[in-house]
Amino acid sequence: MTTTPAPLGLLSRLVLDPTRAERVTHVEHVPARTGRRAPWPDFVPPLLVERLGLLGVPEPWAHQARAAELAHAGQSVVVATGTASGKSLAYLLPVLSALLDDPKATALYLSPTKALATDQLRAVRALNLMAVRAATYDGDTAREERDWVRRHASYVLTNPDMLSRAVLPRHADHASFLRGLTYVVIDECHTYRGVFGSHVAQVLRRLRRVCARYGSSPVFVLASATVSSPEESAGRLTGVPVEAVTEDASPHGRVEFALWEPPLMPDYGGEHGAPVRRSATAESGELLADLVVEGARTIAFVRSRRGAESVALTARRGLADVSPDLPGRVAAYRAGYLPEERRELERRLQSGELLGVAATNALELGVDVSGLDAVVLTGWPGTVASVWQQAGRAGRAGQGALAVFIARDDPLDTYLVHHPSALFGRPVEATVLDPSNPYVLGPHLCCAAAELPLTEADLPLFGDPDDVRLLLNDLVRRGLLRARAHGWFWTSRERPTADLRGGGGPAVRLVEAGTGRLLGTVDASSAHSQAHTGAVYLHQGETFLVEQLDLDDAVALVRPGDPDYSTSARDVTDIRVVEELRGAAHDGVRLSFGTVDVTNQVVSFLRKRLPSGEVLGEQPLDLPARELRTRSVWYTLSPALLASARLRPEDVPGAAHAAEHAAIGLLPLFATCDRWDIGGVSTALHEDTGEATVFVYDGHPGGAGFAERGYARAAAWLRATREAIASCECPTGCPSCVQSPKCGNGNEPLDKAGAVRLLDAVLGSGLESPARG
């Protein structure tokens, strides 16, 4: 048995050590929270109460009981509470109670990962409820097992892809299950965002329509991390009114949460001689080793498998100098492990055999480890929700713990370590999706028509009836649907499909050159920048080198590799305004949201040494330009306003360019996107606006909702952008503030000081006051 170190001791010895104190920008003291129980709801059968008691659950926490009671009363509900708060019991109480009380009742569980569905199946089977016939139904399920699930299962655990591809098109085969469908559980619903989330939203509308055909109207029970307005996001996802339960009544130990900025490295230079910081993975590896020496059970979360292995290797090397026994107590933990391997590693970490684990971020939803002494976050994991998902692993058993967020060389990471309220204040990010995107909706209307002919009464289910009707008429014109007096019909013998994870053309297949093995796919809109010839491509945490990208056959040939560098594509972009959908005029500034045509061409890629980030060289590429009609947010500045900001005409291109780069980096704080999901253009004089203009657009056909969120939160977003630039200690610009890894103009011109003055002028124009229209 290991002795649990006190978090305050770890904090003072490791984080506030004089040699590291300058790296710590803030320490947040997250107080302990005592749990608040509630009586079992009256509808829960005694058998279920007894079985849960045998597993150590004497009574539910208050938020679990509240959510369960709402669902039992027929109200769709989203539970948006912290990690390890017991969200699963909140939906299992109404679900299992219904299945025990009514032999004809059924329930559907949707998960973003197979690992999570497997864990949930294991939890249900541990209750040993013979009347609950639970089973997974996914791509790995054998044909004979699928037949059994269709005929007998009362609780089916699957994923949105399988629901869209295998269940709804063959709904007659699942008639008895759909007829009795009482509950639909959507776990980790905050992960359904952007284009993928928009597709899932339409799958759920198709499900509701088919259920109505069989006389059922299921209640939706959703589990979410802590986000802004979870009831709105859940309502947009499901298409039904949803009530939120957000007050967390579970206990949690005290957590000391440190924000950590690696130091600048004077002996290394980035592009144009810009300063670079020591890599987050190097810092994380050293800190992991020190925590292991202290006897602290620790997980270090890292974005990639290579990064996780690098952190583990650094830690082992450091530990070898302390004791020959310690390196064996550190492991890398990545995607691809078999379930039994995963369980064994979890057991070793829980027992104390393992003290340190470097894990890829992808496992934050699947790892079953609690009561850790420390968690290290190696860079921004994608959302604030994911930050807390990972940090919540610390102190989960009601004991104190330490969490450390180590910033990467990136504008958003820089902003967070200098503005703690963005992490520790009220949630600002929302789960963004746009189900009305015609590029998303069109394929699902075809799927819906093939499942059951579409009628006028169906149109409000899928969006604004007038917009849906226009899209249906376009599908008829293209010969995909046939219009008749009573509705719209699918015309082909082949079933239509909707690619939930793609967009903008056929997905590019990733094929291992030596074996012909299909590793996966990358959507067409990302292939030019992520799977070009020469790219280092990370797939499920594994590293591959792209030998050739064949756009005609939509294939990228790859081979396993272990290069000492990363790659980032550079592109050039032209943008034209098609239509302003919304606009707001202020003093010298006009803020707009609308439809744009984007012409984008990937022209080269950079190779950057790992872990320093030193630029090794730039390689040209010969790829065709791509055209994209999408949505954008943009703002214009009048010449008078620019002059008042002391920006001469020759200063404007660099100032606008720097502001654009930083704005792209900061939008993910407000809209749940990755900086690679969006793009930008800035110009001192745009031909459609007649003024200096900065655009930030969605990188997906038809838009994904990210730019719209930027328009709605423009003042807060641009203020954060300004603060990120101003708080960076570099003199003229670096990757932590205004340099972009994908800039096709070689990060020229850039004017850091000018960007701050430009954004001050925009924010001082009255952007937060009522607009003049």
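## Helix 9

Helix 9 is followed by Gly 215, a residue with a positive phi near 85°. The model is a predicted one. Helix 9 itself covers residues 194-213. Its 20 residues, at 1.5 Å a residue, should span 28 Å, and the end C-alpha atoms lie 29 Å apart, which agrees.

How many of the 20 residues of helix 9 are buried? The count is 17, so helix 9 is largely enclosed by the rest of the structure.

An open sheet is formed by seven strands in the order 1-9-16-15-12-14-13, with mixed pairing. Its edges are strand 1 (24-30) and strand 13 (330-333), each of which pairs on one side only. On average, neighbouring strands of this sheet are turned by 15° against each other, direction ignored.

Within the sheet, strand 15 (residues 374-378) and strand 16 (residues 401-406) pair in the parallel sense, over five bridges. Val 376 stands opposite Val 404 of strand 16. Helix 12 (residues 305-320) packs on the sheet and touches strand 12 (298-302), strand 13 and strand 14 (356-360). The direction of helix 12 makes about 180° with that of strand 13. Helix 14 (residues 384-391) lies across strand 1, strand 9 (255-260), strand 12, strand 15 and strand 16. Relative to strand 15, helix 14 runs at about 150°.

## Antiparallel pairing around strand 27

Strand 27 (residues 626-637) pairs with strand 25 (residues 589-609) in the antiparallel sense, over twelve bridges. Here Asn 600 has Arg 626 of strand 27 as its bridge partner.

Strand 27 is also joined to strand 29 (residues 692-698), by six bridges, and these two strands run antiparallel. In this pairing, Phe 695 of strand 29 is the bridge partner of Trp 634.

## Nonpolar cores

The largest nonpolar core has 89 residues, and those with the most contacts inside it are Leu 416, Tyr 635, Leu 669, Trp 717 and Leu 758. Helix 22 (residues 652-666) supplies the largest share of this core, nine residues. Leaving aside neighbours within four places in sequence, Leu 758 is in contact with Tyr 635, Leu 637, Leu 642, Leu 647, Ala 655, Ala 656 and Ala 659.

A second, separate core has 41 residues, including Ala 153, Leu 163, Ala 166 and Val 167.

## Salt bridges

The whole structure holds 33 salt bridges. One of them joins Arg 408 to Asp 413, with the closest N and O atoms 4.0 Å apart. Are these two partners buried or exposed? Arg 408 counts as partly exposed because its relative accessibility is 28%, whereas Asp 413, at 0%, counts as buried. Another salt bridge brings together the side chains of Asp 474 and Arg 478, at 3.3 Å from N to O. Asp 474 is partly exposed, with a relative accessible area of 23%.

Glu 687 forms a salt bridge with Arg 576, the closest N and O atoms being 3.8 Å apart. This pair links distant parts of the chain, 111 residues apart: Glu 687 belongs to the loop between strand 28 (678-683) and strand 29, and Arg 576 to strand 24 (residues 565-585). With a relative accessible area of 60%, Glu 687 is exposed, while Arg 576 counts as partly exposed at 36% relative accessibility. Salt bridges that share partners also join Glu 22, Arg 23, Arg 278, Glu 283 and Glu 286 into one network.

Definitions and conventions
Residues numbered from 1 in each chain as written. Predicted model: local features only at pLDDT ≥ 70, side-chain atom pairs only at ≥ 80, totals over all residues. Heavy atoms only, no water. Pairing = 2+ DSSP bridges. Helix = DSSP H or I, 4+ residues; strand = E, 2+ residues; numbered from the N terminus. Axes fitted to C-alpha atoms, helices over the stretch in contact; angles between N-to-C directions. Contact = heavy atoms within 4.5 Å. Expected span 1.5 Å × (residues − 1). Buried < 20%, exposed > 50% of the residue type's maximum accessible area, 1.4 Å probe, protein only. Core = buried A, V, L, I, M, F, W, Y, C linked by side-chain atoms within 4.5 Å.
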